[in-house]
Amino acid sequence: MAEMVVSASEFRVFFKDLANSTAAEQHRLVITRHGHKLVALVSQEDLEFLRKHKPQPTSHPVPDPVEDPLEGAGHPETMETADIERIYRATRDSTDEEVIAWREKAWLVLRLRTGKYPADLPDPRLRALVESVAKPANDGG
């Protein structure tokens, strides 16, 4: 029985293989995010042992498994500039419509507060289009 440690990103990519390995070979898997232990994946046999010897507390609600990059972030006009810039950078490649809408508002608020537009456009699809148009044509000569 081996204990393996993988990042959350690796876990998302290799979920099927890691889950099969955990189930078939009784591996224990520790998933980390930013170097910190987050959760563990154990076999059904280990789970039954845990249920028997360490009952689950009933007073703790189960958190939403989907990580919300805008959690705690209000409208950009009500936020500190440093917080807007931090979240704007962290959500750069998001394709979630709610995040893109927030980034559009943040883009304008940052322009008004700093006098400059942020380096990248709020919508990654628009950014890709602009970057493709801005590439110089190859004449072959």
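Close-up 1. How exposed are the two partners? Aspartate 83 is partly exposed, at 31% relative accessibility, and arginine 86 is also partly exposed, with a relative accessible area of 47%. The structure holds 5 salt bridges, and the next view shows others.

**Close-up 2. A network of salt bridges around arginine 92.** Which residues are linked in this network of salt bridges? They are Arg92, Asp93, Arg103 and Asp120. Start with arginine 92 and aspartate 93, whose side chains meet at 3.3 Å, N to O. Arginine 92 is partly exposed, with a relative accessible area of 33%, whereas aspartate 93 is exposed, at 57%. Now look at the salt bridge between aspartate 120 and arginine 92, where the N to O distance is 3.4 Å. This pair links distant parts of the chain, 28 residues apart: aspartate 120 is in the loop between helix 5 and helix 6, and arginine 92 is in the loop between helix 4 and helix 5. Is aspartate 120 buried or exposed? Its relative accessible area is 14%, and the limit for buried is under 20%, so aspartate 120 counts as buried.

**Close-up 3. Arginine 103 over the ring of tyrosine 88.** Here you can find another residue of the salt-bridge network, arginine 103. Arginine 103 also lies over the face of tyrosine 88, at 3.8 Å from the ring centre.

**Close-up 4. An edge-to-face pair of phenylalanines.** A pair of aromatic rings is described by the distance of the centres and the angle of the planes. The count for this structure comes to 2 aromatic pairs. One of them joins phenylalanine 11 and phenylalanine 15, with 5.4 Å from centre to centre and 90° between the planes.

Close-up 5. Tryptophan 107 and tyrosine 117 have ring centres 4.6 Å apart and planes at 25°, so the pair is stacked. Where do the two residues lie along the chain? Tryptophan 107 is in helix 5 (residues 97-114), and tyrosine 117 is in the loop between helix 5 and helix 6 (124-134), with 10 residues separating the positions in this link between distant parts of the chain. Tryptophan 107 is buried, at 19% relative accessible area, whereas tyrosine 117 is partly exposed at 48%. Tyrosine 117 has a further neighbour to look for: the charged end of arginine 111 sits over its ring, 4.8 Å from the centre.

**Close-up 6. The surroundings of phenylalanine 11.** Let's return to phenylalanine 11, which has its place in helix 1 (residues 8-13). Which residues does phenylalanine 11 touch, not counting those up to four places away in sequence? The contacts are Val6, Leu18, Leu29, Ile31 and Leu41. Phenylalanine 11 and valine 30 are 19 residues apart in sequence, and their C-alpha atoms are 9.6 Å apart in space.

**Close-up 7. The hairpin of strand 2 and strand 3.** Strand 2 (residues 28-33) and strand 3 run antiparallel and are joined by 5 bridges. Valine 30 stands opposite alanine 40, a residue of strand 3. The two strands form a hairpin with 2 residues between them, and in the turn histidine 34 has a positive phi of about 55°. How many of the 6 residues in strand 3 (residues 36-41) are buried? The count is 0, and the strand is hardly covered.

**Close-up 8. Confidence along the model.** The protein averages a pLDDT of 81, and 84% of the residues score at least 70. Among its elements, helix 5 has the highest mean pLDDT (90) and helix 6 the lowest (74). As you explore, remember that where pLDDT is low, the predicted coordinates should not be read in detail.

Note on methods. Residues are numbered from 1 along each chain as its sequence is written. This is a predicted model: local features need pLDDT of at least 70, side-chain atom pairs count only at pLDDT 80 or more; totals for chains, interfaces and linings use all residues. Side-chain values use heavy atoms; hydrogens and water are left out. Rings of Phe, Tyr and Trp (its six-membered ring) pair if their centres lie within 6.5 Å; planes under 30 degrees apart count as stacked, over 60 as edge-to-face and the rest as tilted. Helices (H or I, at least four residues) and strands (E, at least two) are DSSP runs, numbered from the N terminus. Buried means under 20% relative accessible area, exposed over 50%, partly exposed in between (1.4 Å probe, protein chains only). A charge sits over a ring if NZ of Lys or CZ of Arg is within 6 Å of the ring centre and within 35 degrees of the ring normal. pLDDT is the predictor's confidence in each residue, from 0 to 100. Two strands pair if DSSP finds at least two bridges between them. A salt bridge is a side-chain nitrogen of Lys or Arg within 4 Å of a carboxyl oxygen of Asp or Glu. Contact means heavy atoms within 4.5 Å.
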